Amino acid sequence: MGLKIAVLASGGGSNLQALLDAWRTQQFRNAEIVVVGSDKPQAGALKRAGALQIPTLALEWSKFSNAIAFNQEMALRLAEYNVDVVCLAGYMRILTPEFVRKFPQRILNIHPALLPAFGGKGMYGHHVHEAVLKSGAKFSGCTVHYVDEGTDTGPIILQATVPVLDQDTADTLAERVLIEEHRLYPRAVALYCENRLRIVGKRVHIVEKA
Ligand code: GRF
C-alpha cells in the first residue's frame, strides 16, 4: 500500500478537486487520498469527497473548547486512517505546534501568493489579493510549502507566478492565481509521493529520482 494522504479543507474545495482529479488520473505514484477532513460540516469540499465515496471527517469547531482540543481530536481521527501526509487545501484553522509535531515535514499547504511575501497571520483569502494590489506588485502567484510551527513560514516546495494587471480587482487576481494553484498543488504532491523532495536548510531541493 502506498502513502496515505489526508486533505483538510474549509471551503468549496477547488484545490481538493484538483488533487482528487490528479489522484484519479494516476498522477500520484503509489499514494491514495484516504480521508477528507474539515472544521465545517457543511463545507463544499466534503460534498466533493462524498461524491467520490471518499471517507470524510467533519469536526465542528464550535463544539471544542479551544484550538488545542480541536487539533488533538483532528490528529486522533487522522491517525485512525494511518495518514502519512496531510495536505491543507483552503483550510482556515491554524494548526497547533502539537499537531504539526505529530506530522513533522509531512504537512503541505498552498498559499495564494509568492511567499515569504504576503503571508503570515491574517493573510488568507481575499486579504492576500487586496494586499498585493495595494502594494503595486507587478506579479503575484501561489506557493506550495511545508507547514512548520509558524504561519506560512515552512520550506517552499514549488511556486508559480501570474501577472498583476492594472485593472485587476481582488476577484480577478484571485481567479488568475487559482488557475495556477490547481496546476501547482498536484505537481507538488506528486513530487512528495515520488520521494523527490529534500529539505536542505530553508531550501527544498527537487532530486531527479528518489
Ligand atoms: C485557495 O485560494 C487557497 O490558496 C487558499 O484558500 C483557497 C481555497 O480555495 N488556501 P478552494 O476551497 O480550494 O476552492
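Helix 6 supplies the largest share of the lining of the largest pocket, namely four residues, in what is a predicted model.

**The largest pocket**
- The space in the largest pocket comes to about 890 Å³, and its lining is made up of 42 residues, of which G90, Y91, M92, I110 and Y124 lie nearest the centre.
- Two or more lining residues come from each of helix 1, helix 4 (97-102), strand 5, helix 5 (126-135), strand 6 (139-146) and helix 6.
- Sorted by class, the lining holds 16 nonpolar, 19 polar and seven charged residues.

**The nonpolar cores**
- In soluble globular proteins, nonpolar side chains tend to be buried together.
- The largest nonpolar core here has 42 residues, and those touching the most other members are I5, V7, F28, I157, Y185 and V189.
- When neighbours within four places in sequence are left aside, F28 is in contact with I5, L19, A22, W23, P186, V189, A190 and C193.
- Another core, of 20 residues, lies apart from the largest one, and its members include L59, L78, V83 and Y91.

- Helix 1 covers residues 14-24, and its buried residues are N15, L16, Q17, A18, L19, L20 and A22.
- Just after helix 1, the residue Q26 takes a positive phi of about 60 degrees.

Methods
Residues numbered from 1 in each chain as written. Predicted model: local features only at pLDDT ≥ 70, side-chain atom pairs only at ≥ 80, totals over all residues. Heavy atoms only, no water. Buried < 20%, exposed > 50% of the residue type's maximum accessible area, 1.4 Å probe, protein only. 1 Å grid on protein atoms, 1.4 Å probe; cavity = no way out; pocket = protein on both sides within 12 Å on 5 of 7 lines; lining within 4 Å. Points joined across faces, edges and corners; volume = space filled by probe spheres on them. Nonpolar A, V, L, I, M, F, W, Y, C, P; charged D, E, K, R; others polar. Core = buried A, V, L, I, M, F, W, Y, C linked by side-chain atoms within 4.5 Å. Contact = heavy atoms within 4.5 Å.
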